[in-house]
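Please keep the sequence and the model in view while reading.

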Amino acid sequence: MSSSSSSESNNLPLKPIPGSYGSPFFGAIADRRDFFYNLGREKFFTSKIEKYQSTVFRTNMPPGPFIASDPRVVAVLDAVSFPILFDVSQVEKRDLFTGTYMPSTALTGGYRVCSYLDPSEPKHALIKRFLFSLLAARHDKVLPLLKSSLSKIFMKLEQDISAEGEADFNTISDNESFNFVFKLFCGVDPNQTKLGSKGPKLIQNWLVAQLAPIVTLGLPKFLSLAEDLLLHTFPIPPFLVKSAYNKVYNAVSGSATEALDEAVRLGLQREEAAHNLVFVLGFNTFGGVKVMFPSIMKWVGLAGEGLHKKLADEIRTVVKADGGLTLGSLDKMTLTKSVVWEALRIEPPVPFQYAKAKKDIMIQSHDARFEIKKGEMIFGYQPLATRDPKVFERADEFVADRFVGEEGEKLLKYVYWSNGRETEDPSTENKQCAGKNLVVMLGRLLLVEFFLQYDSFSIEEKTPVLGPAIAIKSLSKAKSV
């Protein structure tokens, strides 16, 4: 039985997994067209749930031919079945970070970086120990560095709203967030390296080369065939972004000398550690913040002035009582904590998770049990699992205080954004995000610093590509702090 099973699971009926892969090649192409263009990704899954009357079913997942050799998966789309993806005693995570395809290692210096390693591989524990060591060593730098970066973000937002009537939050946030992440991990301002201010753009080009097979640009429908051919049919050649990657790699390897010395002391080769550090800095951390910061601001912005006032009151009361902001202050802000968790629940930064069955395993949904055979690929679309209406009331709504209080906190075990339960911690034995606690802290600090300076704000949603995109339309400066 899988870890998602309970003592009651034997009472559930054992059913064959519904669904179909269609004919070879053409079935995968048809599912890809539905996923990106005909239905869109949300309706792609919900229509199949409705068709099969099951949250567990067989389907193809993009990109399919000719990037992925086997697009067939068993989808697990509810809060009960989804955690099988975390149970590394029963599933393997080798080379599955991006899904049914793996980007060329030419994009990561020729190395399989930590995200693509299974915990059973010795290098996994070694690299993750290095990351834990780095995060612990830099912990005290988070608050002052982020405070500085956020003040620059807010200043630029004000300037652009004043000059143009709105501010592109994503671009402004990306620029300063990259500077923050680089300083945090490397101990140097990237503007003092040969990168200058080009870091975010270089990283974005590198990210696109890896993620193009599973994204759409939101182009008009008549261009969908061209986009499908260019992005989803053949991989972007690594040489197109090699120069961009090398510039970031050289800046990291030349700046993060203290971190890389520690990696060597732990037993890693310096070059391999440097490529892993680029991936953690550029993909995991900057890539995560690039999605999470706009997401938090989007949901809080849409919630309106009522929530803004409650957040401002809580944040200012705690900071005043503590005589200033400390990391300890954050734990006292129950609504602020809940808002960040709720944003991560309703719009997780990494929507797709994959694993491969190590053996024949039994999983369960709310309604039935299913047997997955050894070697079958298991796929989870997290936004549906974390919006499971059988677990969360008003599951499709942003409920700011959802996780406030003892009853609210009991629901945290169903928040999966970190590739694990929010109630669990990352270790060398699992695939949970090494920076899980850092990411949550960054989200809270964004809100704290914002509502120390502003009473309210308004936003407008823009076309998303690698995550939500927003414009800030207005900012109301704090009348009392």
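Asp 168 has Ala 471, in strand E10, as its bridge partner. The model is predicted: local features need pLDDT of at least 70 and side-chain atom pairs count only at pLDDT 80 or more, while totals for chains, interfaces and linings use all residues. Residues are numbered from 1 along each chain as its sequence is written, and side-chain values use heavy atoms, with hydrogens and water left out.

**Three-stranded sheet**

- Strand E4 and strand E10 (residues 469-477) run antiparallel and are joined by two bridges; two strands pair if DSSP finds at least two bridges between them.
- The open sheet to which they belong has three strands in the order E4-E10-E9, with antiparallel pairing.
- Its edge strands are E4 (167-168) and E9 (454-462), each of which pairs on one side only.

**Five-stranded sheet**

- Another open sheet has five strands in the order E1-E2-E8-E5-E3, and its pairing is mixed.
- Strand E1 (56-60) and strand E3 (91-92) stand at the edges with a single partner strand each, so one side of each has no neighbour in the sheet.
- E1 runs antiparallel to strand E2 (residues 72-76), and five bridges join them.
- Thr 59 has Val 73 in E2 as its bridge partner.
- Helix H2 packs on this sheet and touches E1, E5 and E8, where contact means heavy atoms within 4.5 Å.
- The direction of H2 makes about 130° with that of E1; axes are lines fitted to C-alpha atoms, for helices over the stretch in contact, and angles run from 0 to 180 degrees between N-to-C directions.

**Salt bridges**

- A salt bridge is a side-chain nitrogen of Lys or Arg within 4 Å of a carboxyl oxygen of Asp or Glu, and by this rule the count comes to 39.
- One of them joins Lys 48 to Asp 31, with the closest N and O atoms 3.5 Å apart.
- This pair links distant parts of the chain, since Lys 48 belongs to helix H2 (residues 41-52) and Asp 31 to helix H1 (residues 26-38), 17 residues apart.
- Lys 48 is buried at 11% relative accessibility, and Asp 31 is buried at 9%; buried means under 20% relative accessible area, exposed over 50%, and partly exposed in between (1.4 Å probe, protein chains only).
- Lys 337 and Asp 331 form a salt bridge through their side chains at 3.8 Å, N to O, and Lys 337 is buried at 10% relative accessibility.
- Lys 373 and Asp 360 also meet in a salt bridge, at 3.8 Å from N to O.
- Lys 373 lies in the loop between strands E7 (369-372) and E8 (377-381), and Asp 360 in the loop between strands E5 (352-357) and E6 (361-364), so the pair ties together parts that are 13 residues apart in sequence.
- Lys 373 is partly exposed at 41%, and Asp 360 is partly exposed at 41%.
- Arg 94, Asp 95, Arg 112 and Glu 121 are linked in a salt-bridge network.

**Nonpolar surface patch**

- Phe 25, Phe 26, Phe 66, Leu 229 and Phe 234 make a nonpolar surface patch of about 570 Å².
- Patches are made of residues with over 30% relative accessible area and no salt bridge; like charges are joined within 9 Å, and nonpolar side chains (Val, Leu, Ile, Met, Phe, Trp, Tyr) within 5 Å.
- Accessible areas come from the Shrake-Rupley method with a 1.4 Å probe, and for residues only the protein chains shown count as cover.
- Phe 26 lies in helix H1 and is exposed, with a relative accessible area of 59%.

Conventions: Helices (H or I, at least four residues) and strands (E, at least two) are DSSP runs, numbered from the N terminus.
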